[in-house]
Amino acid sequence: MESHPLTTARILIIDDQPSNVALLEGILQEEDFTSYRSVTDSREALAAFNEYQPDLILLDLQMPYLSGFDVMKQIQASIDPGSFLPILVLTANITSEAKQRALSEGALDFLTKPFDAAEVILRMRNLLHTRSLHLQLQEQNQLLDQKVRERTAELEATQLETLERLALAAEYRDDNTGEHTKRVGHTSAEIAKAMGWTDAQVELIRRAAPLHDLGKIAVSDSILLKPGGLTPEEFAQMKTHINVGAKMLSGGRFPLMQLAEEIALTHHEHWDGNGYLRLSEEAIPLSGRIVTVADVFDALIFERPYKKAWPIDDALEEIKRQSGHQFDPRVVDAFLKVVND
Ligand SMILES: [Fe+2]
């Protein structure tokens, strides 16, 4: 019935007395109700209910075969507990005990025979109005849920875009296409997958790894683009990019930002403890151990302002040679499996 006027609501009348049914139908017609159906054999009530899907049921209690209580029990079992389906009980004289029972088994209101037309309509309207409000509320909740889902997806997309642009900004000076950071993200994800990470974790490292060199924003061009070796002072400044990057990404509330921070800080660690922070083996977060392999390999096989590109086979040999020294042997194994696939 949703937003239609109450008179289009579907009414199901269940009463064994044809004269009562005729009377109720007459009242409905009088008030311009257009959709109603009547059942005089209570054994047919459930089928009629399922087929007709009424908005309101007018139910007699004393009937042969199945009483009104039996019918209520049948119907309750096939309606969704979250939906609001009003049942209006029709009865001649009802004990307060029967009234209690009817209320506890799903009835919402009573109509006493002989029927008073004004009262019948008033009670029906009240119940239908409540049902209509309930349906509207449900509809609004669904719309709201949908909106929240859309907004959340938008927010996520915005965050990812911002992070991609940040990564690009960091990489811009020595690789103005940003392809290096993307490839490091891709290779890191493949290695993580080969190491048995879950799909969600794999996606996280794919997005977080490209930010590993974010801190290079703070390293001057004269050092970043310098061909040949760096002086100890220059190297010291170069090394600060891990702390600067981690600082820029620190305090994030989301796993992606937290992983990016971890990677920024630890992607220059060596398995044997000879990296920037001198962490070794398992003390280095696995994310850092993975990204360092992906990063070094990619840096070797592509040209940089300060170096030529290596042939792939030479680069692979170098990675293998560094297994157990610069790199975690398990990460190297996973990497080689990925490259060979
Ligand atoms: Fe780096």
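## A loop with positive phi values

Arg 278 sits in the loop between helix 10 and helix 11, where helices (H or I, at least four residues) and strands (E, at least two) are DSSP runs numbered from the N terminus. Its phi is near 60°, a positive value in a residue other than glycine. Arg 278 is exposed, with a relative accessible area of 58%; here exposed means over 50%, buried under 20% and partly exposed in between, using a 1.4 Å probe and protein chains only.

Glu 281 belongs to the loop between helix 10 and helix 11. Phi of Glu 281 is near 40°, again positive in a residue other than glycine, and Glu 281 is partly exposed at 40% relative accessible area.

## About the model

This is a predicted model, in which local features need pLDDT of at least 70 and side-chain atom pairs count only at pLDDT 80 or more, while totals for chains, interfaces and linings use all residues. Residues are numbered from 1 along each chain as its sequence is written, and side-chain values use heavy atoms, with hydrogens and water left out.

## The iron site

The iron ion has as its protein donors Asp 213 (OD), His 241 (NE2), His 267 (NE2) and His 268 (NE2), at 2.0 to 2.3 Å. Donors are N, O and S atoms within 2.8 Å of the metal (3.2 Å for Na, K and Ca), and sites may look incomplete because water is not among the atoms. The angles among the four donor atoms run from 84 to 172°, and the site is irregular. For reference, four donors count as tetrahedral if all angles lie between 85 and 135 degrees; four count as square planar and six as octahedral if opposite donors are over 155 degrees apart and all others between 65 and 115, and anything else is irregular.

Along the sequence, the donor spacing reads D-x27-H-x25-H-H. His 241 lies in helix 9 (residues 232-249) and His 268 in the loop between helix 10 (255-266) and helix 11 (286-301), so this pair ties together parts that are 27 residues apart in sequence. His 241 is buried, at 1% relative accessibility.

Helix 9 also holds Met 238, which is buried at 14% relative accessibility. Beyond its neighbours within four places in sequence, Met 238 has contacts that include Lys 216, Val 219 and Tyr 276, a contact being heavy atoms within 4.5 Å.

Five strands make an open sheet with parallel pairing, in the order 2-1-3-4-5; two strands pair if DSSP finds at least two bridges between them. Strand 2 (35-39) and strand 5 (109-112) are at the edges with a single partner strand each, so one side of each has no neighbour in the sheet. From one strand to the next, the twist averages 20°.

Strand 4 (residues 87-91) is joined to strand 5 by four bridges, and Thr 91 stands opposite Thr 112. Ile 87, Val 89 and Thr 91 point one way from strand 4, Leu 88 and Leu 90 point the other way, and all are buried. Strand 3 and strand 4 are likewise joined by four bridges, with Leu 59 partnering Val 89.

## Around the sheet

Asp 55 is found in the loop between helix 2 (45-52) and strand 3 (56-60). Asp 55 is buried, with 1% relative accessible area.

Pro 114 lies in the loop between strand 5 and helix 5. A cis peptide bond links Lys 113 to Pro 114, with omega about -5°.

Terms used: Axes fitted to C-alpha atoms, helices over the stretch in contact; angles between N-to-C directions.
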